[in-house]
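Please read the following report alongside the sequence and the three-dimensional view.

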Protein chains: 2
Amino acid sequence: MSKPTPLSGFPELLPAQRVVEQLVVDTLRQTFELHGFAGIETRAVEPLDQLLRKGDTSKEVYVLRRLQAEETGSDAGIGLHFDLTVPFARYVLENAGKLEFPFRRFQIQKVWRGERPQDGRYREFTQADIDVIGRDTLPFHHDVEVTKVMLDALRRLAHPDVVGLPGFRLQVNNRKLIQGFYLGLGLQQVDEVMRLVDKLDKLPAEKVAALLVAEAGATAEQAEACLRLAGIRTEDDSFVEQVRALGISHELLDEGLEELATLMRGAAPLAGGAVRVTADLSIARGLDYYTGTVFETRLDGYESMGSICSGGRYDALASDGRTTYPGVGISLGVSRVLVPLLARGVVTGSRSVPSAVLVALAAEEARPEADAVADALRARAVPCEVAPSAAKFGKQIKHADRRGIPFVWFVQPDGTHQVKDIRSGEQVDADPSTWTPPSEDLRPQVTTTAPSTEEKSS
Amino acid sequence: MSKPTPLSGFPELLPAQRVVEQLVVDTLRQTFELHGFAGIETRAVEPLDQLLRKGDTSKEVYVLRRLQAEETGSDAGIGLHFDLTVPFARYVLENAGKLEFPFRRFQIQKVWRGERPQDGRYREFTQADIDVIGRDTLPFHHDVEVTKVMLDALRRLAHPDVVGLPGFRLQVNNRKLIQGFYLGLGLQQVDEVMRLVDKLDKLPAEKVAALLVAEAGATAEQAEACLRLAGIRTEDDSFVEQVRALGISHELLDEGLEELATLMRGAAPLAGGAVRVTADLSIARGLDYYTGTVFETRLDGYESMGSICSGGRYDALASDGRTTYPGVGISLGVSRVLVPLLARGVVTGSRSVPSAVLVALAAEEARPEADAVADALRARAVPCEVAPSAAKFGKQIKHADRRGIPFVWFVQPDGTHQVKDIRSGEQVDADPSTWTPPSEDLRPQVTTTAPSTEEKSS
């Protein structure tokens, strides 16, 4: 077999890079569990008819076929899931009688999209989703809850003592607010207006205004009002006054303003510093079926990547005809955030192995003694490994250094033990039944480097 | 959407069952990391030509196709991996220049096989693999190492304070030993003999003896000697004497005896109790390309499921033509072990949510106060949730009980706090900034029930 080449769109990580991804996943899971979210996994495949219910994603689905299938039988119509929402909605319907509602779940899994790989888009990537789903009803305070849980997670990811990723800006809006505003303005084609306003991040404002007149039946004044609404951005609930100053009133607008203001006040204690929250009235999540709160998130310094953490409220996340299950959730693109940062070396793991200690070997015959040292360290949860062969000590220290292992353990000819910090060169007497490395050396850490300005632009 | 039905061969777990799977995966990872194994993940797909190199698995491969693919382009020839060995070998070759050897890795991921679902076989399942891979050479002590690491993991899985699965029996043999024995006997068709002797778990001994004569060119005496070798089983290195007593000698036999004896002595400190190790000279792993040590493992009470943890030594796990990478590894079928135990209720999680505490709500207006209690508990790593609505306290206690949450927290009208253990009914004053549940209640535990005799037989 000649040297294989990577498959475009299927990113893989080296061991030291995987340290970072594992720490991110652990941090997310720990946060979600602290907030009472249950971790589930769903199978990788769904029936094609379920995957294709959202017409516009059909191009992205990978269909499965058994290589030697002779019949077009039970697995003729299955494909890989392209998100975690479709499988979750199906899981809820399938197991509704065995679940307790409201049901809080998190799900951290790979998803697949058969699209052409391009900047920041992958064919296989990891997502981390949280959702709260109710039976028949789901009070609005759960919208505030998922916001707070994801903010708590993002704060930990950005904290230099946890992972040290760049900061995040969570942008929140409410579809009731914008739809009520359009209705109050006298516009009828609410969805079309929303779709056009959603183009503001790609087209200049005048162009969008012209489209609103040409395609959504707006007058120039109505188009102007839509753009003024979309221009409102506040870091607290003062957007309410700014909207009120536009002089439009509608029952749905009032409801949306009240919800978004409640959410901003609820999020305030967690906002600020590395993770900010903005009420951004331009956010609409155009093609998705959200019915209230909508979320997007930008990674500081990588805004051009687009939203890396999105979601919102669905009044009917799932329905079996008799019962409707409303939900609110948010999905973090773990690979979307990490793969570019890892590829540019902005973050990496401090070592490529879990071992904090390499136990050196004076001679192959001394292996049982070295194994006993390793076992004593492991009994106190110190990850370690024994040198693969009895090379010169200098070579064994290099062996540790190449892997980033901070400590090398020596059993001296007189039977005493010493441990050397190979970074400082300091070597001290040590007892394998009591010695422990400093807590920051126990597990691999994340090493952060500020990217240069050029590298930052993606 | 009507109620969906499960897909045969794609097992999914309810939240309380997932607690057990997550604990198993965490325990495996923790053990592997203590022994210095680096956790990696490989993409789910491999080029078809790589997947089909082992001819006999071709039926099992799921091929991928983009639903809207117009060209038969770059992804025309990819399929889902059916094990973690093929992807690992490819990963090593692809990244050889960036890895340090010997390279110890663990990998816990899903794999897919498009075969007909049947008892204990799934189309999607989780495997946990450990391997050590060398460049050009890999000393035998790594065979002992992987044995000890997997034994350490199995001991934890079987320990009642960790997971409490049934016990395990690891069966070890060495292909050099059996091949050397056959050569010493004067048999030439060594692979054919091994393939036929491997049928001893399905066919009676006389039938296998007849096949050895009919298909492998053995005399009746040679066939008898092969069966006597395969009948040797010892829990220490005393198999050496028993083999010697058969009066056969060959250089390769000596090498195999020495290796297997070394392995049994090395494993001895970890063997016994819930996890036993047997030198079982009938084990051959017929169709795989092992060249020395071979492993199989039986789960106590579920022996008829076959081996749930298998592996061995390959002299060439990977090769790029210039460099050969020998490896030794072992793969635990996580789903293979857990899905039957979960389906029969032998193990389950003690609760369906991570929350140790439900903070009750006297009135919806008191939600900020309840949130503050929850935040104070989370600040000290106590997972908790706030009641979804201000129902009667009896209803809120039932809400906790249905989820298995052991504690309910009350903010009293006078502003003092109390916490109730809903199992004992005991209710005490508590301060959210200092109160912590007993450590065994902090996370969901595994509840174990002995299966009835009928249930046990699979």
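In chain B of this predicted model, nine strands form an open sheet with mixed pairing, in the order β1-β5-β6-β12-β11-β10-β7-β9-β8. Strands here are DSSP runs (E, at least two residues) and helices are DSSP runs (H or I, at least four residues), numbered from the N terminus, and two strands pair if DSSP finds at least two bridges between them. The edge strands of this sheet are β1 (38–39) and β8 (233–234) of chain B, each of which pairs on one side only. Strand β8 of chain B is joined by two bridges to strand β9 (residues 275–280) of chain B, and the two run antiparallel; within this pairing, B:R233 stands opposite B:D280.

Strand pairing also crosses between the chains: five bridges join strand β3 (residues 62–66) of chain A to strand β3 (residues 62–66) of chain B, again in antiparallel fashion, with A:L64 standing opposite B:L64.

The contact between the chains (heavy atoms within 4.5 Å) takes 91 residues from chain B and 91 residues from chain A. The two chains bury about 7,900 Å² between them, 54% of it on carbon and sulfur atoms, where buried area is the accessible area (1.4 Å probe) that two parts lose on being put together, summed over both.

A salt bridge is counted when a side-chain nitrogen of Lys or Arg lies within 4 Å of a carboxyl oxygen of Asp or Glu. By this rule the structure holds 66 salt bridges over all chains, and 14 are found across the interface of chain B and chain A. Two salt bridges that link side chains of the two chains are listed here.

| Residue in chain A | Residue in chain B | N to O distance |
|---|---|---|
| A:E385 | B:R104 | 3.1 Å |
| A:E41 | B:R18 | 3.5 Å |

A:E41 lies in the loop between β1 (38–39) and β2 (45–47) of chain A and B:R18 lies in helix α1 of chain B, so this pair joins two chains.

The domain assignment of chain A, which is automatic or taken from a database, gives domain 1 (9–160 + 300–350), domain 2 (168–265) and domain 3 (357–442). Taken over C-alpha atoms, the centres of domain 2 and domain 3 of chain A are separated by 64 Å.

Residues are numbered from 1 along each chain as its sequence is written, while chains are lettered from A and ligands numbered from 1 in the order in which they are written. Local features need pLDDT of at least 70 and side-chain atom pairs count only at pLDDT 80 or more, whereas totals for chains, interfaces and linings use all residues, and side-chain values use heavy atoms, with hydrogens and water left out.
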